[in-house]
Amino acid sequence: MPVDSELLGRSATAERLLAWLEPRENEMAALLSELVSEPTENPPGRNYQACATLLERRLRDAGLTSERHLFPPPTGIPDAGNQGATSLISTFGSGERTLYFHGHYDVVPAQSQEQFQPARKEHFIFGRGSCDMKGGIVSMLYGMLALRECGVELRGRIALTLVPDEETGGARGSAWLAKQGLLGRDGIGMLLAEPTSGVIWNANRGAITLRINVLGKSAHVGLQHRGENAFEQMVRVVERLQELKREVERRQTGYSIGPEQTANSILMLGGESGGGTNFNVVPEQCWFTVDRRINPEENLDAERDRLIKLLEQCRRDGIRMNWEVLQEGRSAACSAEEQLGRALAQSVTAVTGEPPQFEMCPGLLEIRFYAAMGIPAYAYGPGLLSVAHGPNEYIDLRKVRDCAAIYALTAIDMLNA
């Protein structure tokens, strides 16, 4: 018999869901290990097709069907390095009102290929992507299964959306789905399974990332007067950017942040850099990156224009150079008092016994795509931000289980309110 969730208290419902989830730790570990074994490194975006096919098969095995959306390669160029950039949208329930569970299956490049050989030690799975964020994908899938197997009927549906390319801005994933009108259809809210270390992220910084290439003319060191030193010209550009850096980093956000994070706006120089061919040759080319992280109170368009105008002025002053935008994304923010924010916080408290804090994420989040459509969006997921992207990335399977229950409880609150 279906259970009327409105007649059950939140704590009782949490206990019922956890009772179904707890014996399934080995199942969750096996699925997560399979996902970690797919080396979906981005950049450049490897093995997307294989991972999407695995996910689709596992969803089908669980009794869920999926829409498959492939980012189209350029006309006349088969795949064009696309690596099968496939997004999946799988639904549970019925009706138009939709709560989105959202995850990405791409991972940052590994420090060693051994990271794609998952290892289990008691309640822990080690491997690239276990924390960011294939563990979160497992939580969301099992949250949906727990609702079904516990007989909870929903007045609406959950749409599990799994995308590639998040680690490089989402161009072939969420950004493309949004342009096609496929993201957030009939959405009443969105939950993102990023590793949030036990807090709820209700805001994120925006980002503009540039690669700047400064040109010169090569010559032997003994004839350096015949050359044009690209490194020295690059230093001139960096000095001007440092002036801008000092200015923007005096600005602070009013959103809550973690104790180890900075409230200041960010402009980082030289995250990557290079140039020259040998110590005794005048460098004819030098390059470096600029990573500008923008607080929600700032305007992305205005900050991008300031950067570009500075570079254009350098070029007018005789510095030969060019640049490309590697990444661009807007900041986003949702009030903790939105219905979804309150429901998520109450669900976290019911499962963990501790009320969560709301904070701003120090980086870019895909909540921005939903917030831009007026859909409340929050990130909360298993795992620690401090181990994501690191050489010893891991996830606690007990947190994966708890998050599955939290997602399920939140869906009940939102869809049956």
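Student: What is the strand order in the open sheet of 4 strands?
Tutor: The order is E10-E11-E9-E12, with antiparallel pairing. Strands (E, at least two residues) and helices (H or I, at least four) are DSSP runs, numbered from the N terminus. This is a predicted model, in which local features need pLDDT of at least 70, side-chain atom pairs count only at pLDDT 80 or more, and totals for chains, interfaces and linings use all residues. Residues are numbered from 1 along each chain as its sequence is written, and side-chain values use heavy atoms, with hydrogens and water left out.

Student: What makes E10 and E12 edge strands?
Tutor: Strand E10 (266-275) and strand E12 (321-329) each have a single partner strand, so one side of each lacks a neighbour in the sheet.

Student: Why are H2 and H3 called roughly antiparallel?
Tutor: Angles run from 0 to 180 degrees between N-to-C directions, and axes are lines fitted to C-alpha atoms, for helices over the stretch in contact. Under 35 degrees counts as roughly parallel, over 145 as roughly antiparallel, 65 to 115 as roughly perpendicular and the rest as oblique. Helix H2 (residues 25-37) and helix H3 (residues 48-61) cross at roughly 160 degrees, their axes coming within 9 Å; H2 and H3 are therefore roughly antiparallel.

Student: What makes H1 and H4 roughly perpendicular?
Tutor: H1 and H4 pack at an angle of about 110 degrees, with axes 10 Å apart, and are therefore roughly perpendicular. In contact (heavy atoms within 4.5 Å), Leu-17, Trp-20 and Leu-21 of H1 meet Tyr-142, Leu-145, Ala-146, Leu-147 and Glu-149 of H4.

Student: Why is the pair of Trp-20 and Tyr-142 called tilted?
Tutor: Rings of Phe, Tyr and Trp (its six-membered ring) pair if their centres lie within 6.5 Å; planes under 30 degrees apart count as stacked, over 60 as edge-to-face and the rest as tilted. Here the centres are 6.3 Å apart and the planes stand at 35 degrees, so the pair is tilted. Trp-20 lies in helix H1 (residues 10-21) and Tyr-142 in helix H4 (residues 130-149), 122 residues apart.

Key
Pairing = 2+ DSSP bridges.
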